Amino acid sequence: GPRVDILFPYIEDHVKEYLQTHWEEEECQQDVSLLRKQAEEDAHLDGAVPIPAASGDGEDDRERMIQAVVDNVCWQMSLDRKTTALKQLQGHMWRAAFKAGLMKAEYVAPPGTPTLPQPPEQILRFLHHFPFFCVQLFDGHFDTKIGHKVESESYRKIASSIGCSTSNILFLTDVTVEASAAEAADVHVAVVVRPGNAGLTDDEKTYYRLITSFGELCLPASP
């Protein structure tokens, strides 16, 4: 897929332009509303950037609000936050960039990588046309509204939502604290080893099932 070192700088470089272009659209206003609500919840944090409500002063008011959203987004990203409000705006910006041809999703398999199982192959094909929004391929989509990935209860809620036992779920992550939380909920876990990630301890390497590509997954055949 697109490299992280391109995806996130794109947001910071283009968020103001995106907001100015799409400000009157309902989807954009929903994004701003969610960010404003998050900003209110963050008011007690050091450096938090508030997003004022509209005051009816026309163009000046609009520019003031847009700049506040820009500052808030950049502040959240500087702290590597993963709030639902931020992720929603980022997703919409990336989608627009892909549709406009400003970004392209590519997958290059490392030498010797086995052929991907059919479902990931389909995902990669759809990514080129519908990045981050391949809803046709998923039975459920879960973000921080259902709970954080470091909390075991989140995995129980997901299992309940999709109508299956936690013991019938395989969770892939590159963060061992998330793996531990999922395991505590009786979810099967595989830790994904990727370049640039935090190193694993010897105990973690021994304890967890490690994979470096989808090709290492042994998925049950479709009935």
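Arg62 is buried, with a relative accessible area of 18%. Here buried means under 20% relative accessible area, exposed means over 50%, and partly exposed is in between, with a 1.4 Å probe and protein chains only. Arg62 lies in helix H3. Leaving aside neighbours within four places in sequence, Arg62 is in contact with Gln20, Trp23 and Glu24. A contact means heavy atoms within 4.5 Å.

This is a predicted model, where local features need pLDDT of at least 70, side-chain atom pairs count only at pLDDT 80 or more, and totals for chains, interfaces and linings use all residues. Residues are numbered from 1 along each chain as its sequence is written, and side-chain values use heavy atoms, leaving out hydrogens and water.

How confident is the predictor? pLDDT is its confidence in each residue, from 0 to 100. The mean pLDDT of the protein is 80. In all, 77% of its residues reach 70 or more. Confidence is highest in helix H2 (residues 26-41), at a mean of 95. Confidence is lowest in helix H5 (residues 118-129), at a mean of 45. Over residues 107-137, pLDDT stays under 50. For that stretch the model has 38 contacts beyond four places in sequence.

Now step back to the whole chain. The protein has eight helices and three strands. Helices (H or I, at least four residues) and strands (E, at least two) are DSSP runs, numbered from the N terminus. Read along the sequence, the pattern is α-α-α-α-α-α-β-α-β-α-β. Of the 223 residues in the protein, 35% are buried. Take the contacts between residues at least 6 apart in sequence: 50% of them join residues at least 24 apart. The accessible surface comes to about 13,800 Å². Carbon and sulfur atoms hold 54% of that surface. Such areas come from the Shrake-Rupley method with a 1.4 Å probe; for residues, only the protein chains shown count as cover.

Return to H3, the helix of Arg62. H3 has 20 residues, which should span 28 Å at 1.5 Å a residue. Its end C-alpha atoms are 28 Å apart, so the two values agree. The expected span is 1.5 Å times one less than the number of residues. Which residues of H3 are buried? Among them are Asp61, Arg62, Met65, Ile66, Val69, Val73 and Trp75. An α-helix has 3.6 residues a turn, so residues three or four places apart point the same way.

After H3 comes Asp80. Asp80 lies in the loop between helix H3 (59-78) and helix H4 (84-99). Its phi is positive, about 55 degrees, although Asp80 is not a glycine. Most residues other than glycine have a negative phi. Is Asp80 buried or exposed? Asp80 counts as exposed, because its relative accessibility is 54%.

Next is H4. H4 has 16 residues and reaches 22 Å from its first C-alpha to its last. That is close to the 22 Å expected at 1.5 Å a residue. Its buried residues include Leu86, Leu89, Gln90, Met93, Trp94 and Phe98. Just after H4, Gly101 takes a positive phi of about 80 degrees.

Asp186 lies in the loop between helix H7 (176-184) and strand S2 (188-192). At 48% relative accessibility, Asp186 counts as partly exposed.

Look now at the aromatic rings. The structure holds three aromatic pairs. Rings of Phe, Tyr and Trp (its six-membered ring) pair if their centres lie within 6.5 Å; planes under 30 degrees apart count as stacked, over 60 as edge-to-face and the rest as tilted. One of the pairs is Tyr155 and Phe171, edge-to-face, with 5.0 Å centre to centre and 65 degrees between the planes. Tyr155 lies in helix H6 (residues 152-162) and Phe171 in strand S1 (residues 170-173), so the pair ties together parts that are 16 residues apart in sequence. Tyr155 is buried, at 6% relative accessibility. Phe171 is buried too, at 15%. Tyr207 and Tyr208 form another edge-to-face pair, at 4.9 Å centre to centre and 85 degrees between the planes. Tyr207 is exposed, at 53%, whereas Tyr208 is buried, at 12%.

How many disulfides does the structure hold? The count is zero. A disulfide is a pair of cysteine sulfur atoms within 2.5 Å. Cys74 is partly exposed, at 25% relative accessibility. Cys164 is partly exposed, at 29%.

Conventions. pLDDT is the predictor's confidence in each residue, from 0 to 100.
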